[in-house]
Amino acid sequence: MGAVMGHKAWRVVLLLCVLALAAAWCGAAEERARPENPYAGRSDIAEEGRSLLNQYCAHCHGPNAEQGERPRDLRRLNIRYGNDAIVVFWKTVQQGRMDKGMPVWQGVLPDDTLWRIFSFLETIQTQP
Ligand code: HEC
C-alpha cells in the first residue's frame, strides 16, 4: 500500500507534521508566559492577603474588596475573565491602567505581596 502513496500525499503528511509541531510549540510558549500564583491552594495565605489588600488597595477597591462599582469590583474577576482572571490580574497590577486611575504596582510592592492579595481575592470570587 505504501508504494501506492504518491509524492503529493507524502508532502501533505509532512506539512501536517510541521503544523502539529508548530502548534505544540506555540502552546508551550503560551503556557510559559502564563503567570503562576506561588501560593495557589494555600488557604493560610488568604488572611494575610486580606490585610495587605486593606492596606494598599482598599481606598479604591473597598475594604475586603467590597466595592459596588463593577469595573473596580475585584470579586468579579472570575465572572469577567474566567480562566484568564489570573492573567488579567497580573497584567493589571504590573502595568496599571493609568488612563483609568489604576496605579502601577510593579516595583512598588514585591511580587509575593501581590500574589498574597490574589490568593485572598480567589477566596471571595462571586459565584456565577
Ligand atoms: C488609586 C486607586 C486604586 C488603587 C490604590 C488600586 N486600584 Fe486597582 N483599579 C483602580 C481602578 C479605577 C480600576 C478600574 C480600571 C478600569 O476601569 O478598567 C482598577 C482595576 C483593577 C484591576 C482590574 C479589575 C478588572 O475587573 O478588570 C485589578 C486586578 C486591580 N485593580 C488590582 C488592584 C490591587 C491588587 C491593588 C492594590 C495593590 C489596587 N488595584 C489598587 C484603582 C485603584
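Biologist: Why is Tyr56 called partly exposed?

Modeller: Tyr56 has 17 other C-beta atoms within 10 Å of its own. A residue is buried with 20 or more such atoms, exposed with 12 or fewer, and partly exposed in between, the C-beta atoms being placed from the backbone. The value 17 lies between those limits, so Tyr56 is partly exposed. Do keep in mind that this is a predicted model, where local features need pLDDT of at least 70, side-chain atom pairs count only at pLDDT 80 or more, and totals for chains, interfaces and linings use all residues. Residues are numbered from 1 along each chain as its sequence is written.

Biologist: Where is Tyr56, and how far in space is Tyr56 from Leu109?

Modeller: Tyr56 sits in helix α2. Helices are DSSP runs of H or I with at least four residues, strands are runs of E with at least two, and both are numbered from the N terminus. Tyr56 and Leu109 are 53 residues apart in sequence, and their C-alpha atoms are 9.2 Å apart in space.

Biologist: What makes α2 and α6 roughly perpendicular?

Modeller: Two packed helices are described by the angle between their axes and the distance between the axes. Helix α2 (residues 43-56) and helix α6 (residues 111-123) pack at about 105°, with axes 7 Å apart. Axes are lines fitted to C-alpha atoms, for helices over the stretch in contact, and angles run from 0 to 180 degrees between N-to-C directions. Angles under 35 degrees count as roughly parallel, over 145 as roughly antiparallel, 65 to 115 as roughly perpendicular and the rest as oblique. An angle of about 105° falls in the range 65 to 115, so α2 and α6 are roughly perpendicular.

Biologist: Which residues of α2 and α6 meet?

Modeller: From α2 they include Ile45, Glu48, Gly49 and Leu52, and from α6 they include Thr113, Arg116 and Phe120. The residues of this contact divide into six nonpolar, four polar and three charged. Here Ala, Val, Leu, Ile, Met, Phe, Trp, Tyr, Cys and Pro count as nonpolar, Asp, Glu, Lys and Arg as charged, and the others, Gly among them, as polar.

Biologist: Why does Arg116 count as buried?

Modeller: Arg116, in helix α6, has 25 C-beta neighbours inside 10 Å. Leaving aside neighbours within four places in sequence, Arg116 is in contact with Tyr39, Ile45, Glu48, Gly49 and Leu52; contact is called when C-beta atoms, placed from the backbone, lie within 7 Å. Arg116 and Leu52 are 64 residues apart along the chain, yet their C-alpha atoms are separated by 7.8 Å.

Biologist: Asn64 and Ala65 are both in the loop between α3 and α4. Why is Ala65 called buried, and why is Asn64 called partly exposed?

Modeller: Ala65 has 23 C-beta neighbours inside 10 Å, so Ala65 passes the limit of 20 and is buried. Asn64 has 15, which lies between 12 and 20, so Asn64 is partly exposed. Neither is a glycine, but phi is positive in each: near 55° for Asn64 and about 65° for Ala65.

Biologist: What makes Ile79 partly exposed?

Modeller: Ile79, in helix α4, has 14 other C-beta atoms within 10 Å, and 14 lies between 12 and 20, so Ile79 is partly exposed. Not counting residues up to four places away in sequence, Ile79 touches Thr126 and Pro128. From Cys17, Ile79 is 62 residues away in sequence and 38 Å away in space, C-alpha to C-alpha.

Biologist: Which residues come nearest to the ligand?

Modeller: Of the 22 residues around the ligand, Cys57, Cys60, Pro71, Lys100 and Met102 come nearest. A residue is near a molecule or strand if its C-beta atom, placed from the backbone, lies within 6 Å of it. The shell around the ligand has 14 nonpolar, four polar and four charged residues. Its largest share, four residues, comes from α5.

Conventions:
Contact = placed C-beta atoms within 7 Å.
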